[in-house]
Amino acid sequence: MRILLIVILLSFMTGCLSSFTVTGSSGGTVIIYCHYSTEDRSHEKYFCLGQNRLRCKDQIRTGLRNTWKHSGRFSLYDNTGGKYFKVIIRQLTRQDEGTYWCGVDKPTLLDSYTKIELEVKKDDCCEKSVTETAFLGGEATIRCNYPEDHEDDIKYFCKESNDFKTCVYMIAAHQTSAEAGRFSVSDNRGERFYTVNISDLTEDDTGTYWCGVETSRTEQRYITLITQVKLLVISEFKLPLSH
């Protein structure tokens, strides 16, 4: 008990808030949530790569609050109300694996940080990209496969924003089924896939979506986007004529 207490005290003295492993999918995206304390709201936030925190290389950094900052495949959004910032890494490859640090820059004090170990897996279970076509006013049914080790995780479905930088939450299933407006999800855990239904389709539903899973524990939260879904909503009158 005394040893555990010493370890916890040393962690806080060195600024380390926590550490956890994030598992991404090759070709996909991860969204990592980095928590911080109330007094850190006004400080710059950064996300860097390197075994040694003191010599890690910034992948993205911002002093902006409640506004997106983009840099190549990386994006960062500092949510001061929620006391966390989230980092997006897109188009993942095995070369992205390594040790990262969510950091709060404190000019006169030790930085606060969270250690992230990123692993990128090639999931044979799941296609990287699929295309679906559905009719205006009808219903789209999208099948999302996921790896076995995410069976108990939250099933997550989002739509890419117009600038392809962020993914807007549409629906998530914490249990085996969920409904939100025109969206519904049904999770078949035995077969390791979930189905998303979108009803009363409009032209605005055309776009790029992502099937993913969310891992959420106490101050250890990340979303893995696995399969890109390109949905095209068309009028029946636009179908090509057969000869």
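Colleague: Which residue of β7 stands opposite Val30?
Modeller: This is a predicted model. In it, β2 and β7 are antiparallel partners joined over six bridges. Val30 has its opposite residue in β7, and that residue is Ile89.

Colleague: Which residue in β18 is the bridge partner of Tyr33?
Modeller: β2 also pairs with β18, in the antiparallel sense and over five bridges. Within β18, Tyr33 has as its bridge partner Arg221.

Colleague: How many of the seven residues of β2 are buried?
Modeller: Buried here means under 20% relative accessible area. By that cut-off β2 is mostly covered. The count of buried residues in β2 is six.

Colleague: Which strands each supply at least two residues of the lining of the largest pocket?
Modeller: The largest pocket holds about 260 Å³ of space. Its lining has 16 residues, and those closest to the centre are Thr29, Arg90, Glu160, Phe164 and Trp210. The strands that each give the lining at least two residues are β2 (29–35) and β18 (220–234).

Colleague: How many charged residues are in the lining of the largest pocket?
Modeller: Nonpolar residues number six in this lining, and polar residues also number six. The charged residues number four.

Colleague: Which strand gives the largest share of the lining of the second largest pocket?
Modeller: The second largest pocket has about 170 Å³ of space. At least two lining residues come from each of β2, β7 (84–89) and β13 (167–173). The largest share is three residues, and the strand supplying it is β13.

Colleague: How many residues of the lining of the second largest pocket are nonpolar?
Modeller: The lining includes Ile31, Tyr33, Trp68, Ile88 and Val168, along with Lys86, Glu214 and Arg221. By class, one residue is polar and three are charged, while the nonpolar residues number eight.

Colleague: To which residue does the backbone nitrogen lie 3.2 Å from a polar atom of the side chain of Asn79 belong?
Modeller: Asn79 is part of strand β6 (residues 74–79). A polar atom of the Asn79 side chain lies 3.2 Å from a backbone nitrogen, within the 3.5 Å limit for a polar contact. That nitrogen belongs to Gly81.

Colleague: Leaving aside neighbours within four places in sequence, which residues is Asn79 in contact with?
Modeller: Contact requires heavy atoms within 4.5 Å. With the sequence neighbours within four places set aside, the residues in contact with Asn79 are Tyr36, Asn66, Tyr84 and Phe85.

Methods: Residues are numbered from 1 along each chain as its sequence is written. This is a predicted model: local features need pLDDT of at least 70, side-chain atom pairs count only at pLDDT 80 or more; totals for chains, interfaces and linings use all residues. Side-chain values use heavy atoms; hydrogens and water are left out. Helices (H or I, at least four residues) and strands (E, at least two) are DSSP runs, numbered from the N terminus. A polar contact is a pair of N or O atoms within 3.5 Å; within protein, one must be able to donate a hydrogen and the other to accept it, and residues adjacent in sequence count only if both atoms are side-chain atoms. On a 1 Å grid over the protein atoms alone, a cavity is a set of points where a 1.4 Å probe fits but cannot get out, and a pocket is an open set with protein on both sides within 12 Å along at least five of seven lines; lining residues have an atom within 4 Å of a point. Grid points are joined across faces, edges and corners, and a volume is the space filled by probe spheres set on the points. Ala, Val, Leu, Ile, Met, Phe, Trp, Tyr, Cys and Pro count as nonpolar, Asp, Glu, Lys and Arg as charged, and the others, Gly among them, as polar. Buried means under 20% relative accessible area, exposed over 50%, partly exposed in between (1.4 Å probe, protein chains only). Two strands pair if DSSP finds at least two bridges between them.
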